[in-house]
Amino acid sequence: MQQLNLFHSAAPGKPPLVVAYGMGVDSTAMLVGLHQRGIRPDLILFADTGGEKPDTYLYSPIIRQWLRDVDFPDLQVVRYIPPIAPYDTLYGNCWSNFTLPSLAFRKKGCSIKWKRMPQDRVVEHWLPAQDCWGSGGRVRKLIGFEAGEERRRYADRGDDPQYDYWYPLMDWELDREACKRLIADANLPVPVKSACFYCPACKKPELAELAAEHPDLHACALALEGRYRAGKHFRGDDPDKVQGLGIRYTWADQARHSGHLALA
Ligand code: SF4
């Protein structure tokens, strides 16, 4: 993990701008769009769950070079470190507890614990944020939800005393295809969709891609699913209960149906 420069300054009199960067299409387009509009963020944070896709990790030096080229702050990689636990990744967290990422149970605990909290903790120790809060202001947090994703706005956080949330892609009316074009026009490769390789939100074509391109990771995901099904949280083969990483179905069954059985 990089050392955060706690003395990096925000523009005087303006709320500090913090980018929640996911290293995927939307948030990369958000950075490009900010640069086009002459808006320089003060802090760019990427929360690493330890289980991002390999292509996501490979994108890190690319975007860091671009950030240098456009005189944006460097990417700060943050990570949740449990005080006392036999794991330091979300995968390890699930493995230890014979469970799945909480998204499988239609909860947001995995992203709150492994994405949002480590970022917020860093901001809490960042002097421009402390100054801002000390003078009664709110830090502006930029989230890369694209146009059409309005339902994902943090409707429940309108009265957050620390953060004012901004969704630039919605204001700029940039959907996913427009985001890809913007990135390509900036001479950057278009990154893969960012997510943990075992994310329950993965679609079936993405599973097939994982099995084909990263059979080792696919096997790890199936092992996690198998462990969940052998553990106390599994409620049996009732399709109304969570069956596996596919929620209503198992990734193992999907692998069998799609011919990736040998990899399962
Ligand atoms: S990518 Fe999926 S599994 Fe990983 S933290 Fe986000 S919701 Fe959870």
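Two strands count as paired here if DSSP finds at least two bridges between them. Keep that in mind as we walk through this model, which is a predicted one.

Let's start at strand β1, residues 17-20. Four bridges tie β1 to strand β4 (residues 139-143), and the two run parallel. If you want a spot to look at, find L17: its bridge partner in β4 is R140. β1 also pairs with strand β2 (residues 43-47), this time through three bridges, and again the strands are parallel. Here V18 sits opposite L43 of β2. Now look at the side chains of β1. L17 and V19 point one way, V18 and A20 point the other way, and all of them are buried. To get from β1 to β2, follow helix α1 (residues 25-36); together the three make a right-handed β-α-β unit.

Next, zoom out to the domains. The protein splits into domain 1, covering 17-185, and domain 2, covering 204-263. Their C-alpha centres are 27 Å apart. Where they touch, domain 1 brings nine residues and domain 2 brings 10 residues. On the domain 1 side of that contact, helix α3 (residues 90-96) gives the most, with three residues. What classes of residue make up this side of domain 1? There are eight nonpolar residues, one polar and no charged ones.

Then there's the ligand. Around it you'll find T49, L90, P101, L103, C110, S111, W114, K115, A195, C196, C199 and A201. Helix α4 (residues 109-124) gives the most to this shell, with four residues. Sorted by class, the shell has nine nonpolar, two polar and one charged residues.

D71, in the loop between α2 (54-69) and β3 (75-78), has a phi near 60°, a positive value in a residue other than glycine. Is D71 buried or exposed? D71 counts as exposed because it has 8 C-beta neighbours inside 10 Å, and the cut-off for exposed is 12 or fewer. The other one is E173, with a positive phi of about 55° although it isn't a glycine. You'll find E173 in the loop between α6 (168-171) and α7 (176-185). E173 has 10 C-beta neighbours inside 10 Å, so it counts as exposed too.

Notes
Residues numbered from 1 in each chain as written. Predicted model: local features only at pLDDT ≥ 70, side-chain atom pairs only at ≥ 80, totals over all residues. Domains from an automatic or database assignment. Contact = placed C-beta atoms within 7 Å. Nonpolar A, V, L, I, M, F, W, Y, C, P; charged D, E, K, R; others polar. Near = placed C-beta within 6 Å. Buried ≥ 20, exposed ≤ 12 C-beta atoms within 10 Å, placed from the backbone. Right-handed = clockwise from strand over helix to strand, strands pointing away.
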